[in-house]
Amino acid sequence: MATPTVSKTRSMLEGLVREGSFKWLLGKRSYFNEELEEMERSPSAGRNWIAELSPLANLVVRRCSKILGISASELQESFNAEASDTLKHPSCYARNFLEYCCFRALAISTQVTGHLADKKFRQLIYDMMLAWETPAVGSQPLLNADEDLTVGLEAFSRIAPAVPLIANVIISENLFEVLTVGTDGRLQFSIYEKYLSGLERAIKKMKTQSDSSLLSTVRLSRREKILEVDGTVTTQPVLEHIGISTWPGRVTLTDHALYYEAFRVVSYDKPKTYDLAEDLKQIVNPVLTGPWGTRIFDKAVLYKSISLSEPAVIEFPELKGHTRRDYWLAIMREILYVHRFIKKFKISGVERDEALSLAVLGILRLQAIQEIISVNSVHCETLLMFNLCDQLPGGDLILETLANISSLRQLDRTNSDKTGSGMHSISALSMVSNLGFVLGTSSTDLNEAGLVVGEIAVGEMSSLEKVVKESRNSYKKVVLAQETVDGVKVDGIDTNLAVMKELLLPVMEGGKWLISLIHWDDPMKSLVFCLVLTYVILRGWLGYTFGLMSILLAIFMVLTRFFNQGRPVDELKVIAPPPMNTVEQLLAVQDAISQAEQFIQDGNIVLLKFRGLLLSIFPQATEKFAFTLLCAASILAFMPSKYIILLTFLETFTRYSPPRKASTERWARRLREWWFSIPAAPVVLVPEREKEDKKKK
């Protein structure tokens, strides 16, 4: 016989079905119908139905309670006991309680071996995201044109990072954009399931990666984990460039270094180690390669460090594009950047393994994405968190916040009860350990280490989420600004010179006015300017003058913003130069090169003349120059700086005044004659081979 509570719950379910509240559930999702019927038949239906939750949220909570082995009402009592009053506010109670149940259930589910291959596990996470969008009673999810249930960005960014393998806080938005290309910004279950299948294959691949006996001896000393191998298939070779020669081989990336093994007749040569963990001032950049040392193909990676006499160049050939190279460049940099992060913030122990786990999981996600999405449309660096932090505005603040979180975890190790509660998601290191990988000291008991707190907290935006949000907002502003920059770029030297001339017109006009004062074209204006500036220098007001100019400029900018608010920006109008044909363009380039060559020659002559003065090649000129330096040093040493500035100004400004003009021209002539009389120091061009032989000696 049914109890009154069960009868009441059963009547409520039947009423919801009659009213059509479950229509969107029953349309295409038969398992929802089965669960609702099971709930109706269950004697514990009253204890498994939460009045504050929507039907879908109730179904998700019911599944979570089954995983945890307790009833939904007991879950609710546990949440009410652990959560703060803020989290239990009626306006957000349903969503916070749902998150609490999801985080606790996922922490248990991810400990099961092979959980990623379990279709029920995949469906559970997707339904958690659906329920997160409609947690409260009476809410219904959005449907697309085919009445399929889809997930939005906010729900994905909240639930998916609770399983660090699927996503994390920093890259979740970029990952969501990649997964929803062509689906109007909503994640479909079919694509989501393909992504998880790709993750499963990537994990199996990483577990089965093998190496040679020589490499195994090298990497096992640091307990390194192989993350990726390439060059084992003859149709996709990897080439190392040494001078003008190339040699095929195999490249292996671990969580500490990159190894290259040259291919011999029946085996591999001794591996070359390109360290990514130690501080060796490493540089990992894309580079052009080609036959006989030419720079034609953009398909290689350059590795440079202070431990190498010359840079290493490894090429990843392919017929079209350079996606293979971009992938390897991104994962190499990810390992390099994570070790820089560890050393910069002096992270050690379990927290160090946590940081390495974040990088390893990022590489697994990238491998899964490459299987299901066209590689040409994927920017690898945007899906790897340490690469992304290197690019985002404020990325250093994200890493600093991440380091602070690690420090707090270290301080809270003894508080195992708090960190083990369902108020937080699981950590990346726990995820990696559950997958069966061993990184550093992560083989120890994680509960004893106390690191089971992830990046997401129930009902709260963590400090990491806040700084990531601020960084993304800044990045959007940068993107908009860059679009304007790309829009105003013009081609052609003559056109760019015309634009620059128009932009610098106010400065040029001001310069012309100042030159006219210096040349005393209008003696009265020049005299007034000279007297006023002399008085300012004597009174020590020069600093105040520059400060006043800055204030006037700031006032002008504020007034311009106030009066131009809401009005379109005035475009800069530039008179386009006459078009040039190919021959004219070649002649213009040749003329510009000749002028640049002449400028460099003149600069070299000046430097060689000074060298001649220093080496006393022309003793008489050297004596005069030394005496001049001695006088200048005496003035700088014994005269107050105010009077030095005043004398410099008066000498420069009155040089072309009527009383001094004749003597200035005479002294300028003598100075030119003295300069032209100084011989240049001799120069001998030595061939490159002789220079190298000299160095060896």
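Student: What makes strand E4 largely enclosed by the rest of the structure?

Tutor: Six of the six residues of E4 (residues 257-262) are buried, so the strand is largely enclosed. Buried means under 20% relative accessible area, exposed over 50%, and partly exposed in between, with a 1.4 Å probe and protein chains only. Strands are DSSP runs of E with at least two residues, helices are runs of H or I with at least four, and both are numbered from the N terminus. This is a predicted model, in which local features need pLDDT of at least 70, side-chain atom pairs count only at pLDDT 80 or more, and totals for chains, interfaces and linings use all residues. Residues are numbered from 1 along each chain as its sequence is written, and side-chain values use heavy atoms, leaving out hydrogens and water.

Student: Which residues point each way from E4?

Tutor: Ala257, Tyr259 and Glu261 point one way, Leu258, Tyr260 and Ala262 the other. All are buried. In a regular strand the side chains alternate between the two faces of the sheet.

Student: How do you know that E3 and E4 pair?

Tutor: Pairing needs at least two bridges found by DSSP. E3 (residues 245-254) and E4 have five, in the antiparallel sense. Thr252 stands opposite Tyr259 in E4. Two residues lie between E3 and E4, which form a hairpin.

Student: What makes E4 and E5 a pair?

Tutor: Four bridges, again antiparallel, join E4 to E5 (residues 272-275). Lys272 in E5 is the bridge partner of Tyr260.

Student: Why are H21 and H22 called roughly perpendicular?

Tutor: H21 (residues 505-518) and H22 (residues 523-539) pack at about 95 degrees, with axes 8 Å apart. That makes H21 roughly perpendicular to H22. The class covers 65 to 115 degrees; under 35 is roughly parallel, over 145 roughly antiparallel, and the rest oblique. Axes are lines fitted to C-alpha atoms, for helices over the stretch in contact, and angles run from 0 to 180 degrees between N-to-C directions.

Student: Which residues meet there?

Tutor: Trp513, Leu514, Ser516 and Leu517 in H21 meet Lys525, Ser526 and Phe529 in H22. Contact means heavy atoms within 4.5 Å.

Student: How many residues does the largest nonpolar core have?

Tutor: It has 124, and Phe97, Phe156 and Leu165 have the most contacts inside it. Helix H12 (residues 323-344) gives the most, with 12 residues. A nonpolar core is a set of buried Ala, Val, Leu, Ile, Met, Phe, Trp, Tyr and Cys residues joined through side-chain atoms within 4.5 Å.
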